[in-house]
Amino acid sequence: MFGPEQGHFALALACVLALVQFAVPLWGANRRDARLVGLAPYLAVSQLIALGYSFLCLIMCAVSDDFSVQNVAANSAVSKPLLYKITGVWGNHEGSVLLWTLILAVCGGAVSLFGRNLPDILRGRVLAILGGVSAGFQMFCLLTSDPFDRVFPAPMDGQGMNPLLQDPGLAFHPPILYTGYVGFAVPFAFAVAALIEGRVDAAWGRWVRPWAVAAWCFLTCGIALGSWWSYYVLGWGGYWFWDPVENASLIPWLTGTALVHSAIVVEKREGLKIWTVLLAIATFSFSLSGTFLVRSGILNSVHAFANDPARGVFILALLAIVIGGSLALFAWRAPSLTSTGLFSPISREGSLVLNNILLCSICAVVVTGTMYPPFMQLLAGRTISVGKPFFDAATIPLTLPLLLAMGVGTALPWKRAQLARTFSHLYAAAGIAAIGLVLCFWKLSGVLPIACGALAIWVIAASASDVLRRIGIGHTSAQGVWERMKHLPRSSWGAALAHIGAGITVLGLCGMSQAQHAIVEVHIGETRSLAGDDWTLLDVHDYIGPNYKAMQADIAIRHNGKLVTILHPEKRDFTTQSQTTTEVAIHTNFITDLYGVVGDRHGTGKDTTYVLRLHRNPLAPWMWLGGLVMAIGGAFSLSDRRMRIGAPKRAAARNMARA
Amino acid sequence: MTRKTRRLWIVIACLACVGSAAALTLRAFSSNIVFFMAPSQVKANPPSPDRTIRLGGMVMAGSLHRINENGTPVNAFQVTDGQAAVEVHYTGILPDLFREGQSVVALGTVQKNGGFTASEVLAKHDETYMPKEVADELKRTGKWDPRFGKAPDASSWDTMTAKKAGG
């Protein structure tokens, strides 16, 4: 029922359905044939069902330990816990491509179900584009990386999974990140459909924005989760490596953030149309390239576990068709789109334009830093690399004006603003930021951390004060405030929350720039001090885990003689994979992380020493907390009535039917 | 505000931002680009001590030993590319994937005495993996021909002749 052959067949069926979903509605839309266009949602849903079945089959193969399937044999083992048998399905190349196409099909299904208020022709075209991209990836899956390949003879047991990947954080990181990546396919499809149609209006902006916001939320969560995983699993004490794979997720996030903002201008003022269409295309193109970078090994990186040239060529061709095709269409059709809304530079629109320019400049810097080394190697044969110093020096100065403008932007009215009036609303926030600046001078060292810290406080204060002003705190009665709170659009709450989240993340980053660490070699019972805390190695003992041998250390941390916590970092030796992993121990009070790693054991008897790495990371949890707050802000603004336009119409229709 | 002046403002803003982004990128590139060097290149023309480089090669078998410098543990090992070997000093915990006879990339600076002080050591988890640069260097000098099987053991590169490896 759920064997690999059934899964393979369902995948092939989904691929054919996707091809039909691509061709028929486009043709129908061209001929204005409502019946052909009307097929699109049914095709999208049936493609989703076929692909869902196929994915279920792969999961069943993994759960039932069917080692005659190559993919399961290579990545699973009988002794693996059930959770990791399931999540291990997308922990490898073939499975992750299947997951990718499944999420794309889910997007198609969602457009079919939630897009009932869209004009039929537009919905047909959007679904057709999604179907085309889907078909390409499913063909890639079928032709070059079939997850259902059988192996003969079947091994008795699988090879097991990389122990580094056996972690709940990483188990759910790929689906969330992929939903973010793939979610931008919907704005992309809307952009291409609008180009074919030659029309972009406020309604288009209103339809496209929720999809962009949803994808953005997932991408934000995915990036935060990935960074958190690298912080607490890899045990190197940092949170962001500026690794090409990490940059590949940051780049679409930057353009996606710009898209979420510029779509507001399309929706409210019918401005920036061409730009928004271009951003939608660019964001998805960067998402696709992100997969490409990870999957093909064009950029060598610690993450790239699938280095296969045949796949690279296929993906490259796919990218050329999707990106090249959409850009060509853009060049051909974009001039026919005209903007109407006029605005002065000092206005909400103006600040959103500035936001876009700055975000895209940062994005350009990150793209340059990521792509320059491989190109240099290709063209000049010289191997170079750029790392944290480069990205810090090039991106942070561009972030400063962005943060400054973030505080002002939401307080500006549309069309034309008077700076003096706007600033009169921001006195309180500016005061708090000034106090913050003093605080930063006291607590932080370095010009950039101080500036970033103060500006982050400014963003938080300005966003909060903007909401407080709108609900009339200070000049209306409690009753009035409650009334206004109820009527303030959810999108305003969402925007404020997201901006506050960004501020929290930046504060976390500033805190982390002050992290201190020490590498020490100690005997049992010895004490070392780091930044005011005394770290004592109490004991080290060995124990045997389910599929590993472990060495666990007990480290007591005292502050002024008072016991803060006892950390238990471990070093695990996985015998079957001949791999060791470090289990970091972290104690957090949400202000400071105390982070301990145990390293090698040296010597014997009384002379045994242990290498320890001790970190004190101020404000570390804030970085991910801020990401979560940003995503919650996005979700809040998704729940805005405006985003669900047509909902009242549907409700009315339902009521009529009931009557 | 006419369409023209608005466009002018946007163009000015774009130019300012993109210009400063380009300037920042170039400035950061000129001081922060890290070149990859093989031990033989380091020996031939040592970079200045304030320049960070990435040193790549194989850890020579049997070369890893530890020095204790006033309580901080220092790992010392030789990194070779088949032409020359460089002594690397690294304070800290070597990565889990670090093995003798396997490839390694160290980030750090070359000292006046010709030694290398690493601030970061990256190891690849693969027994057959070799950095492309090292493989190219071995092939170029005739010490390894991929047609004749696996690369020879890293400890023998400095001493062996091209003929032995080919056979």
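Predicted model: local features only at pLDDT ≥ 70, side-chain atom pairs only at ≥ 80, totals over all residues.
As for how open the two partners are, Asp542(A) counts as exposed at 51% relative accessibility, while Arg601(A) is partly exposed, with a relative accessible area of 36%.

Over all chains the count of salt bridges comes to 20, and some of them share partners, joining Glu5(A), Asp66(A) and Arg150(A) into one network.

Two further pairs each lie within a helix. In helix 6 of chain A, which covers residues 120–144, Asp120(A) and Arg123(A) are three residues apart, about one turn of the helix, and their side chains meet in a salt bridge at 3.9 Å, N to O. Here Asp120(A) is exposed, with a relative accessible area of 51%, whereas Arg123(A) is buried, at 12%.

The other pair belongs to helix 17 of chain A, residues 447–470, where Arg469(A) and Asp466(A) are three residues apart and therefore separated by about one helical turn. Their side chains form a salt bridge with an N to O distance of 3.0 Å. In this case Arg469(A) counts as partly exposed at 27% relative accessibility, and Asp466(A) counts as buried at 6%.

Now I turn to the place where the chains meet. How many residues does the contact take from chain A and from chain B? Chain A gives 51 residues and chain B gives 41 residues. The area buried between chain A and chain B is about 3,700 Å², and carbon and sulfur atoms give 62% of that area.

Across this interface the rule finds one salt bridge, and the partners are Arg66(B) and Glu521(A), whose side chains meet at 3.0 Å, N to O. Polar contacts are found there too, in five residue pairs, counting pairs in which both residues have pLDDT 80 or more.

Which elements of chain A each supply at least two residues of the side that touches chain B? They are helix 13 (348–380), strand 1 (384–385), helix 14 (388–409), strand 2 (516–522), strand 8 (579–583), strand 10 (592–602) and strand 11 (609–618). The largest share, nine residues, comes from helix 13 of chain A. By residue type, the side of chain A that touches chain B divides into 24 nonpolar, 21 polar and six charged residues.

Chain B has four helices and seven strands, and when read along the sequence the order is α-β-α-β-β-β-β-β-β-α-α. Of the 167 residues in chain B, 42% are buried. If we take the contacts in chain B with a separation of 6 or more, 49% of them are between residues 24 or more positions apart.

Next, a word on the cysteines. A disulfide is a covalent bond between the sulfur atoms of two cysteines. How many disulfides are counted over all chains? The count comes to zero. Cys440(A), for example, is in no disulfide, and the nearest cysteine sulfur, that of Cys510(A), is 6.7 Å away, which is beyond the cut-off because a disulfide requires two cysteine sulfur atoms within 2.5 Å. Cys440(A) is buried, with a relative accessible area of 6%, and Cys107(A) is also buried, at 10%.

Thr220(A) has its place in helix 9 of chain A, which runs over residues 202–232. Is Thr220(A) buried or exposed? At 5% relative accessibility Thr220(A) counts as buried. Leaving aside its neighbours within four places in sequence, Thr220(A) is in contact with Trp253(A), Gly627(A) and Met630(A).

Technical notes: Residues numbered from 1 in each chain as written. Chains lettered and ligands numbered in written order. Heavy atoms only, no water. Buried < 20%, exposed > 50% of the residue type's maximum accessible area, 1.4 Å probe, protein only. Contact = heavy atoms within 4.5 Å. Buried area = accessible area lost by both parts, 1.4 Å probe. Salt bridge = Lys/Arg side-chain N within 4 Å of Asp/Glu carboxyl O. Polar contact = N/O pair within 3.5 Å; in protein donor to acceptor, adjacent residues only side chain to side chain. Nonpolar A, V, L, I, M, F, W, Y, C, P; charged D, E, K, R; others polar.
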